[in-house]
Amino acid sequence: MSTARDEHLPGQSPIAWQGQQIALVDLLDRVLAGGVVISGEITLCIADIDLVRISLRALVASVRAGWDTNTAGGTANPMAKGNIP
Amino acid sequence: MRAKTSAIWLYAVVPAAQRGAPAGLTGVAGEPVRLITGERLSVLVGDVPLSDFDHDPLRDHLEDLRWLEEAARAHHRVIDAAARSSDVVPLRFATLYHDEAAVRAVLSERLEDFTSALQRIAGRTEWGVKAYVDPDMLAAPADEPESDQNTPGTAYLRRRRAQRQGQRDARQRAAQRAEEIHTALADLAVGALQHPPQDARLAAYRGWMILNGSYLVDDERAQEFAAAVDSCDQRFPEVRLELSGPWPAYSFTTEDRERQGEQS
């Protein structure tokens, strides 16, 4: 889990994870999209990025199912698709 | 000849001086992690069953989010544990070989790449910074009082126009803030890049994510970097910043992603 910085502690030192659960989305940004790519012998024919998209789409769908029933509305995020003007 | 029942999952490349895998470490299949040692480089690997990790079953598993999450966390756990005692070059999730000879061949074929990657990240750590804004705080205050002279129709149209303009302005201001913050942080880093903003439904945040950055920072500047994150957080009241890390240098293992300010 990333460190919320609401408290404005000046000079706060970098915080190690210290056993906190890392947010899955932060992990996927790095584990699925980062690291050195070498062509393994068992290769996934689906391009990596498609794989991520497929998985995330499924995750969005499952999260949304819970979200819609629990949360009325929620702020739409025009930045989410990378369309920063 | 008996058919093989396992494949080799690769986690990270480490200098050959590294002796053995961290004790008790298990990987994506719950398997003990071991080290394949080469002349100058070694690689952390695990033997995983083909029944789950051959092409077809693996593809099916990757569509299963619970499986994907567990495997992603396990992959990270191994790399993160190794990074505590050595420089490591993380390898992309789901890199698999049939036998050790092939793994050794890759180690020597890619020796230069891996060696320069190790040099690039030595004594440095990746930090993640995400920035969110509350769009309401970016929007200009509505300063147009309801006028009696307007018909309800024109008043509505004017309101709509003002709303649309307000949205555009807010987005522009948000993008400016993101750029300011990214530039300030990239100045303290030897490498910087932006991941695409995360979907609000996945990351469960409110408002807009305006920055999802990774920064490769010299370890002696880590405090300074964290202070800069704090300072941006305080300078811009409408922005909330989150620092994450230390991360193994997942985002900085190839040369072309190294340039400062690069947008991915």
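A: The centres of domain 1 of chain B and domain 2 of chain B, taken over C-alpha atoms, are separated by 34 Å. The contact between them draws 9 residues from domain 1 of chain B and 7 residues from domain 2 of chain B, two residues being in contact if their C-beta atoms, placed from the backbone, lie within 7 Å. On the side of domain 1 of chain B that touches domain 2 of chain B, at least two residues each come from helix 3, strand 4 (89-90) and helix 5 (111-121) of chain B. Helices (H or I, at least four residues) and strands (E, at least two) are DSSP runs, numbered from the N terminus. The residues of that side comprise 7 nonpolar, no polar and 2 charged; here Ala, Val, Leu, Ile, Met, Phe, Trp, Tyr, Cys and Pro count as nonpolar, Asp, Glu, Lys and Arg as charged, and the others, Gly among them, as polar.

The model is predicted: local features need pLDDT of at least 70 and side-chain atom pairs count only at pLDDT 80 or more, whereas totals for chains, interfaces and linings use all residues. Residues are numbered from 1 along each chain as its sequence is written, and chains are lettered from A and ligands numbered from 1 in the order in which they are written.

The domain assignment gives domain 1 (6-121) and domain 2 (124-263) of chain B, with bounds from an automatic or database domain assignment.

The largest nonpolar core has 83 residues, of which Ala12(B), Leu44(B) and Tyr215(B) touch the most other members. Such a core is a set of buried Ala, Val, Leu, Ile, Met, Phe, Trp, Tyr and Cys residues joined through C-beta atoms within 7 Å, and a residue is buried if 20 or more other C-beta atoms lie within 10 Å of its own. Helix 3 (residues 65-83) of chain B gives the most to this core, with 9 residues. At least three residues of the core come from each of domain 1 and domain 2 of chain B. Beyond its neighbours within four places in sequence, Tyr215(B) has contacts that include Glu126(B), Trp127(B), Leu185(B) and Phe225(B).

As for the whole chain, chain B contains 9 helices and 10 strands, and 43% of its 264 residues count as buried. Its C-alpha atoms fill a box of roughly 90 × 45 × 30 Å, taken along the principal axes.

Definitions and conventions
A residue is buried if 20 or more other C-beta atoms lie within 10 Å of its own, exposed if 12 or fewer, and partly exposed in between; C-beta atoms are placed from the backbone.
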